[in-house]
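Please keep the sequence and the structure in view while reading.

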Amino acid sequence: EELRTEALKRTATSQISGSLFAGMQYQTNATAGPDAHRVWADGFRVGRPRGGGPDDDITGVLGFNLNHKYDFGMQDGMALESHLSGFGQFYDENARLDTGRISGQVGLGFAPMPSTSSAFRVQPRINFEAVTTDGEFLEAGGGPGIGVSYSASDTLGLAFDYDAIYRHYGHIDALGATEDYSGFEQNGTVTVTWLARPGTTLIATLGGRGADTTRDHLDYAGVQSSVGVYQSYGSPIGALPQDWLVGLSAGYEHRWYDSPDDSVNPRRSRQDGIWQFDLGNTIPLSSSWSVTQQVEYLRDNSNLRNFSYDNFTVALSARWRF
């Protein structure tokens, strides 16, 4: 009966799905403070400002995801596909970092060669977003994008995504000269998804991105890659019969900045090597409810000690899907 209900939902002309989630997380370095006690300022090494080092904190998280698909009933599978998500993060001790974010995409997906195969699909789209921090306007923006997907088989899928977004930043005193980040950001990724065997999925990505802001020392080009393995397994609790899911992923991004920042070190342009490792476990409580436990470690190895830091996060959240 549940499968029949789900099948009818997926064949409807107008389809709505989404989720609501809430949780808590603890971070050892919620402010991304540098781990070096002496940092660069105007080309000289000086003592790190008081209170400018790593600072742990507890945050509450609330959010939602909403998807809508309107199928035009055409041979090429043309459909208007929309996605809207919202996110709020609230800090216990660093209220100046409280953040609210809403973003979305609207695109027209279709199969350009429906008579041959519907496995190849294209979706031109428009992106939009808005962010507040510390109760003030931080940034808003939007721009075009395109997604291309191809199902090589029942177990192998390929996807290419490109998005170009212009963001206009306001000034927030608590965070400094945030308005300097205004400009275009471009991001392109290739994703391979492989069902290695029933219950085991591997996902690998490779891509690049760059930013063109109002300040040369904030402009950068970067490459990024990640790999993850996700495994379902039998529930160890008889009262929860649905399979649980564990995932382990690792990612790396390298960024090259265009020019030195004179206020930091006028003789050296910044370069960052960012590692991120994630481990998560999802426990379905029912067909709609689930609980996720997650740990994450992030390490930014920068050639300028002002920007080198690490952060360890432990999180617990609950999600309701509809």
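Arginine 167 is buried in this predicted model, with a relative accessible area of 13%, and glutamate 129, with a relative accessible area of 6%, is buried as well. These two residues form a salt bridge in which the closest N and O atoms are 2.5 Å apart. Because arginine 167 belongs to strand 9 (residues 156-169) and glutamate 129 to strand 7, the pair ties together parts that are 38 residues apart in sequence.

| Residue pair | N to O distance |
|---|---|
| Arginine 167 and glutamate 129 | 2.5 Å |
| Arginine 215 and aspartate 180 | 3.5 Å |
| Glutamate 185 and arginine 209 | 3.5 Å |

The side chains of arginine 215 and aspartate 180 meet in a salt bridge. Arginine 215 lies in the loop between strand 11 (200-213) and strand 12 (220-233), while aspartate 180 lies in the loop between strand 9 and strand 10 (183-197), so this pair ties together parts that are 35 residues apart in sequence. Arginine 215 counts as partly exposed, at 43% relative accessibility, whereas aspartate 180 is buried, with a relative accessible area of 14%.

Glutamate 185 and arginine 209 also meet through their side chains in a salt bridge. Since glutamate 185 is in strand 10 and arginine 209 is in strand 11, the pair ties together parts that are 24 residues apart in sequence. A network of salt bridges links Arg101, Glu129, Glu139, Arg167, Glu185, Arg209, Glu253 and Arg255.

Aspartate 300, a residue of strand 15 (residues 289-302), is a charged residue that is buried yet has no salt bridge. Which side chain of opposite charge is nearest to aspartate 300? That side chain belongs to arginine 270, which is 4.4 Å away, and a salt bridge would need a nitrogen within 4 Å of a carboxyl oxygen. When neighbours within four places in sequence are left aside, the residues in contact with aspartate 300 are Arg270, Asp272, Gly273, Ile274, Phe307, Ser308 and Tyr309.

Strand 4 (residues 57-71) and strand 5 (residues 79-91) run antiparallel and are joined by 13 bridges, and leucine 66 has leucine 84 in strand 5 as its bridge partner. Strand 5 also pairs with strand 6 (residues 99-109), again in the antiparallel sense, over 11 bridges. Here the bridge partner of leucine 84 is glycine 104 in strand 6.

Alanine 32 has a positive phi, near 55°, although it is a residue other than glycine. Its place is in the loop between strand 1 (14-27) and strand 2 (38-41), and at 36% relative accessibility alanine 32 counts as partly exposed. Aspartate 134, which is not a glycine, likewise has a positive phi of about 55°. Where does aspartate 134 lie? Aspartate 134 lies in the loop between strand 7 (120-133) and strand 8 (136-151), and with a relative accessibility of 30% aspartate 134 counts as partly exposed.

Key: Residues numbered from 1 in each chain as written. Predicted model: local features only at pLDDT ≥ 70, side-chain atom pairs only at ≥ 80, totals over all residues. Heavy atoms only, no water. Helix = DSSP H or I, 4+ residues; strand = E, 2+ residues; numbered from the N terminus. Buried < 20%, exposed > 50% of the residue type's maximum accessible area, 1.4 Å probe, protein only. Lys, Arg positive; Asp, Glu negative; His and termini not counted. Contact = heavy atoms within 4.5 Å. Pairing = 2+ DSSP bridges.
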